[in-house]
Amino acid sequence: MTDCIFCKIIAGEIPSYTVYEDDVVKAFLDISQGTPGHTLVVPKKHVKDLFAYDEDLAAAVFSRLPKIARAIKKSNPAIKGMNVINNNGELAYQSVFHSHIHLVPRYTDQDDFKIIFKDNSAKYDEDKYKEIQEAIVKQMEDEQ
């Protein structure tokens, strides 16, 4: 993709602060640094989002995450945890349409990084849960 910023970073056309690279992925510091050490793990093969992965690419990319995450955590003893985030689609806050995984180190609950999961369970009863479950299970059968 000639206009993809991550493809340009992978090709070396745009500089980056690379922390890991092999034949499958390139991991580099996110320019925004949501917290110090915020790293993006990007497959070298251009895929738009998670929905475009095949099983082999998913296995190859995601199997590298623990090694990179451990290195980030060990790089600073103040890191106490890490958010692993993958946004897919504009509505889900994907801003670069080349799949990437954010590794966001967490230092304290005051480090200015927030994710909020609202509890909507009061809006659901057993029938609604089963309806959603059955729709997903049916699609899983089609994926086989």
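Which residues is leucine 29 in contact with, leaving aside its neighbours within four places in sequence? The legends below answer this and then move on to other views.

This is a predicted model, in which local features need pLDDT of at least 70 and side-chain atom pairs count only at pLDDT 80 or more, while totals for chains, interfaces and linings use all residues. Residues are numbered from 1 along each chain as its sequence is written, and side-chain values use heavy atoms, with hydrogens and water left out.

View 1. Leaving aside neighbours within four places in sequence, leucine 29 is in contact (heavy atoms within 4.5 Å) with Tyr17, Val19, Gly37, His38 and Thr39. Its bridge partner in β3 is threonine 39. With a relative accessible area of 29%, leucine 29 is partly exposed; buried means under 20%, exposed over 50%, and partly exposed in between, using a 1.4 Å probe and protein chains only. Histidine 102 is 73 residues away along the chain, yet the C-alpha atoms of leucine 29 and histidine 102 are separated by 9.5 Å.

**View 2. The open sheet of five strands.** Here the strand order is β1-β2-β3-β5-β4, with antiparallel pairing. The edge strands, β1 (18-21) and β4 (81-85), each pair on one side only. Neighbouring strands are turned by 20° against each other on average, direction ignored. Helix α3 (residues 65-74) packs on the sheet, touching β1, β2, β3, β4 and β5 (101-106), and its direction makes about 30° with that of β5. Five bridges join β2 (residues 25-29) to the antiparallel β3 (residues 39-43). Two strands pair if DSSP finds at least two bridges between them. Helices (H or I, at least four residues) and strands (E, at least two) are DSSP runs, numbered from the N terminus. Axes are lines fitted to C-alpha atoms, for helices over the stretch in contact, and angles run from 0 to 180 degrees between N-to-C directions.

**View 3. Histidine 100, in the loop between β4 and β5.** UniProt, in an unreviewed entry, places the feature "active site" at His100; such annotations may be inferred rather than shown by experiment, and the positions are given in the numbering used here, with feature names shortened. Is histidine 100 buried or exposed? It is buried, with a relative accessible area of 6%. Beyond its neighbours within four places in sequence, histidine 100 is in contact with Phe6, Leu40, Val41, Val42, Ile85, Asn86 and Gln94.

**View 4. The largest pocket, with about 300 Å³ of space.** Of the 20 residues that line it, the closest to its centre are Phe6, Phe28, Asp30, Ile31 and Leu40. The elements giving two or more residues to the lining are α1 (5-10) and β2, and α1 gives the most, with three residues. A pocket is an open set of points on a 1 Å grid over the protein atoms alone, where a 1.4 Å probe fits, with protein on both sides within 12 Å along at least five of seven lines; lining residues have an atom within 4 Å of a point. Grid points are joined across faces, edges and corners, and a volume is the space filled by probe spheres set on the points.

View 5. Most residues other than glycine have a negative phi. Tyrosine 93 counts as exposed at 70% relative accessibility, and aspartate 112 is exposed with a relative accessible area of 70%.
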